[in-house]
Structure formats: C-alpha cells, structure tokens
Amino acid sequence: MLRNFLKSRFLAPRGMSCFSQVMNPITGQNSWQERGDDYDYHLEVANAGFGDMLHDWERNQKYFAALRKTIAGMREAGREVHVLDIGTGTGILSMMALAAGADSVTACEAFLPMANCAEKILAANGAGDKVRLIRKRSTEIQVGEDMPRKANLLVAELLDTELIGEGAIGIYNHAHAELLTEDALCIPARARCYAQVAQSPLAAQWNSLKTIANLDGEPLLHPPEQLKSCQGEAALHDVQLSQLPSSAFRPLTDPVEIFQFDFQRKQEREKQRANLLKLQSKQPGAAELVFYWWDIQMDDGGEILLSCAPYWAHPQLKELAAEKEKDHPLPNVVPWRDHWMQAIYYIPKPLQLLEAGKSFHLSCHHDEYSLWFDAREEAPTKSVRRHTCTCDLHMTYSRSRIGQLNQSPRNKRYLRYLEESIEAEKSNVLVLGNGCLLGLASSALGAASVLLHEPHRFSRRLLESIVKHNQLKNVQFLDKVEELEDSQLAALTHIFAEPYFLNAILPWDNFYFGTLLTKIKDKLPDGVKISPCSARIYALPVEFLDLHKIRAPVGSCEGFDLRLFDEMVERSAEQAVSLVEAQPLWEYPCRALSEPQEVLSVDFSNFGQEHSLKGSIELKHGVCNGVALWVDWQLVEDNSPRSIVSSGPSEPVVPGEFVKWDMFVRQGVHFPRKPKDAATHLEWSMDFKPLLGELNFSFGQKKL
C-alpha cells in the first residue's frame, strides 16, 4: 500500500522525468514531486501481487498435477495437445504445460512489464523458442494471426476472492467462442461457490453505527433514521476468515453450495443469475452476514481439488493438520494465500431467527463481476436488486473505520476523558478530525460550544444528520481552522481529536492533528487542554508465519528458475514501495521477538520539534522477517493505562508468543529485504521533520 496518494500526473516524453502531485498526509499539503519516467511502471510491478501467487505452494502443485494428468489423458486418447495460457504472468503455467508434454503452447500477457519479464524467464528456462508469447489481452487475439490454430487445452488463473471480479465470465466466454476447439478442456475445469449464514456482533461492527453511550450506559448519540434504514454496501469485505476468533461468530447454517461455474462448458456462462435457497437455522440468532468462499476442481474428473474455505470448513483439515508443524495454530494449518481470501457479505436487514430449526430463504445473486445476498423469512416475489449505501457512512469510511467508531473499549477511554474534563455550560471545545463522533459527544455532555473541523463533504453531511437527529444546538462546522476568529480561539477551553483523518494510511499519518494545532497555537489561551497531548510510535520485531511472503523472493517454483522475476520486483520495489506499508495485522499471525520499543515521542504542544533517534532491539525466539509499528495516543499526562489509546496490540506483548492486534486499524509493517537467520539485534534509526511532513525509518539486522 502506498505511503502517499497519487493525485494526478503530467506525462513527459520517453526518457524524461514526470511530475506527480502528491498529498502529504501529515502536513495536508499537495506538492509536485519529480518522478522518473518509469515510476508508474515500477509502482505497478511492485504491487501486482504475482509473488504472493508464486509462494502459494498448493496452487502451484495442483496446477502442475492437473496439467500432467490432463495432458497424459489427451495423449492416451491419441490427441495432440495445444495449450493456451491466458494471463501467463511469469510464464510458469506455460513451462509446466511444456514439461507435462504439450505439443505447443501459446501464452498471452497484456501487462507489458510482466510480458517482457516472462520472455526472459522462458528463455532462461530453455522454453524461449517453444512458447509463443502474445503481448495482448486474450479478447484481442486473432486465430491465424496471433496464434496458428485454436487451442484444445486452456490453462488460466483469472480468479479473485470473489471468483468473478477480474472478469472471468467474459474472458471464458470469449475464449470458447473464438480461441478454443469444440472439445477443449480447461484447467481449472469448474468452480463452486459456498455461503454460510452467520451472526457476529464483532463483524457487524464493520457495517453499522451503534448508539454511543456514556460510561453509565446511558445513550449520548443515537444514529439517525437514515443510518438505521440504510442497507449498506453490497461490496464484499475480503478478510482472512480463518483469523476471525471462533468466539466472535455463531454459524447459523452449514456451508451450502450456491453457484457452480463450468469453465469447460462450450455454451456461454450466464452473466447474471439468482439462486433462492430455503435453509434452516442450526441455532437461534440473527442472520447478519454471509461468509463466502469457493473451491476449484482443477481437472475434468474433479479429483484435484483446491479449496479456499476457512479452516473450520476446509475439506482437508485433518490431513493438513497432521502435516503442519505443531507450533502452528489450527487456523493456520490450511494453505495460506493473500490473492484468494474469503469474504463477508452483509445482509441488508438482519433477519431474527428466534429458534433452532427456523426456516428462512437466502437469496444469492451474481452479475458479471460481483455477488450479493439477502435473507428473508418469506421467499421474495421478485429478484433482489443489488443494494447501495444511502446514508453516507458506508461510502465515506472504510470498514475498519466504521468498526473503530463502534469499538467500545477505545470509545470508553475517550469518553472517560471527556466526562472528567468537560464542564457543563462552561467548556468550549474545538474538535479536529474527520467523522469525530466522540467530539460530538462533548456537546451531548453539556459543553457550551463545539466547533467541529470537518472539511470533507460527505463526512460533514453524515455528522450534520447526527447533530440534527440528536438535537444538538451548540455545534458549528468549520472547513478550515484558519476560519476561526481570534475571539473564538481565545475562548477555547479544550481541543480534542481521536485523531482520525480520511487521508491517513499509516497510523502516524494522523499526526496531521499536530499540523492543524501549529496553525492556531499562537492564538490559543494558556490554559487550553489539548487531548491527545502526545503520541508515541513503537516498533516490534516479529516473525510472521506467512505475511512476509508478499515481499519475499521466489527463487524457484516447481523446479523453474524465477530469479529474473525476483530481480525485476526488487528493482521496482526499491523505486516505488515505501519502507513501511500498512497492513491489518490481526489477519496475519506473528510472534513477538522482543518487547516493544519506543522509537519516537511527539508532544503536540510543541509539534514542530524535530527528532533524530536510533537504537537497537535484541532479537529472541526466532527470525525477524518483519517489524510492526504503531502509535499510542496519550490522552492526558498521567501514568494510567486508561489514558492511552493504542493502534497496536490489544493485549500485552509476550516475547515468543503470538501478538493479538487491534482489529479495527491497520498497523505499519517493514519487511526486511533479506532476513538474517543468525541476527541477534535489530538496528533502527528515525528522522522526523514535522513541518515538512517527513518521517523516515531505517532498519538493519546485525549479529553482535
């Protein structure tokens, strides 16, 4: 994930530089940065995700096994084998097809950097003159021009978490109509999609807004009617479902097959279908959401199966658990992959199932690119339309931000500060941030006035509806802090933030709070209370079970040399990938290799102070293949842990044990280019120039 938002670009002639307008999230300023002419190329290569797929050992082995079996069967039947590989990437599937005995292989790859790399990899593996490489989309290929004949075996990996989100239906339809023989076989041959209806108060927090209550449980802010009636967004919420704690959901049904896609069928695959299932609940609960995944039958006989099911529904769980290392938690014995995950779909209006055995209807729908669901007691009389957000919440904020707004332990710490600090009819509060509902809560607590800095149009519209619904009379919205009059600034008693800003990607991007403070600090009264008063960044060396693979070199894959691919990605990563990227670490288990170490402390009353620090962390218990970083926000200067709101671990860190992470925020992660097995210390340095918005880290591993 990118450190900054790329806003626009001026193109220059080949060989010259280009300029990109980049927003700095800490300063909030746009600036023009000179980029090399090939910057976009490097950006796309480094983030294409090919490496993750190549580290998916199960995917690779089963594609190879299916090619061997299918080609052997075609040979036994006296058929020549002419293979078409759509979206060849590195050329790995084409090389597998040759090794399995194909007579000819045609590969197409429309992403030119990848196609050029594939050409070199094919040559390095002795297949350069045996694979016809076409630098086009498959839908642009002409038989007789680009390829000499129609293929009778198609091998492709056109799938995503939703199965059809990358246009698989249209690509397969075109291939069968134009590029494949009547008796062509396909690898994979078929796909089956599954749904499991569940209740999960935790997951539901990612989709709706709860009432905000004070510490005594009395309501402070009620969601307006538009939020209660909104059906939310139908878009999938892709997650590593196996990492969702088993205590956090109640399965109301067993998994059921909802759709099958026959990739081998000569007739067109339908671009839109509906399937109405009558189900019975296994236990009482609310049908709030659908867990979704798919599996693929790699060969025509369906003997080689690859399943993306979460561990509790995986058909090979027992065998996989017996093979895995004993120190792997059960959710992590199933093959890990980040390119195919699982998904949560939210039911537009949760259905209450008051007893076990209660019958209800699950409506399942797909169009050419996406799926959606609904659950009703009675069968719908007409097709259920795909639902969209009508309340501004879902279209404005990310799933993690919506969950954060509902996060009770976090909210209680902010509310404790506000309840202890706000004086009814006396306090004048300035709230800085986007969608700061807790700042509005200070109005409900009796503050004399609340000035709310909210420049984002949709976020403001949502908050205005909450103000109106809760009849808050003393709230004024601001586009810019510069709009504040001197008299308003002089009257302030409190400045409050969560802090959260829509442009923030990494946790410390929310230091924009400090930038806003510097714009008004010279006009603030001496006694104004600022919360959070400070922030600290912590670093924790960790050993990931799997996440490091997204940046790790491949080397060889199923006996094929892919080092040229590694070199290409490494060059691009050095040009275009930030040293620290954002990841939701609750989805990616890791062991702590030490205690967390503070690497920066920022005082918001003196935000302009520059820092240059360095240190060393002793490594214990494993190999450091990642460094996790996060921010702790200090609400008031005291020694109480109740005054700290953390974006990091949700429980104390114990070296050698797995870390439990906050599930409603993304942490920063640094992936060492070359982890050292024998390293004993992680060396770090940090430079922070707040007025320039520059926060730079450096990491290295040493044996001392």
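A right-handed β-α-β unit is formed by strand 21, helix 13 (residues 437–444) and strand 22. Right-handed here means that, with the strands pointing away from the viewer, the path from the first strand over the helix to the second runs clockwise. Helices (H or I, at least four residues) and strands (E, at least two) are DSSP runs, numbered from the N terminus. The model is predicted: local features need pLDDT of at least 70, side-chain atom pairs count only at pLDDT 80 or more, and totals for chains, interfaces and linings use all residues. Residues are numbered from 1 along each chain as its sequence is written, and side-chain values use heavy atoms, without hydrogens and water.

Strand 21 (residues 428–432) is largely enclosed by the rest of the structure, because 5 of its 5 residues are buried (under 20% relative accessible area, 1.4 Å probe, protein chains only). Asn-428, Leu-430 and Leu-432 point one way, Val-429 and Val-431 the other. In a regular strand the side chains alternate between the two faces of the sheet.

Strand 21 runs parallel to strand 22 (residues 449–453), joined by 5 bridges; pairing requires at least two bridges found by DSSP. Val-429 has Val-450 as its bridge partner in strand 22. Strand 21 also pairs in the parallel sense with strand 24 (residues 494–496), over 3 bridges. There, Val-431 stands opposite Phe-496.

The largest nonpolar core has 91 residues. Such a core is a set of buried Ala, Val, Leu, Ile, Met, Phe, Trp, Tyr and Cys residues joined through side-chain atoms within 4.5 Å. Ile-258, Tyr-292 and Phe-373 have the most contacts inside the largest core. Another core, of 49 residues, lies apart from the largest one and includes Val-528 and Val-580.

Note on methods
Buried means under 20% relative accessible area, exposed over 50%, partly exposed in between (1.4 Å probe, protein chains only).
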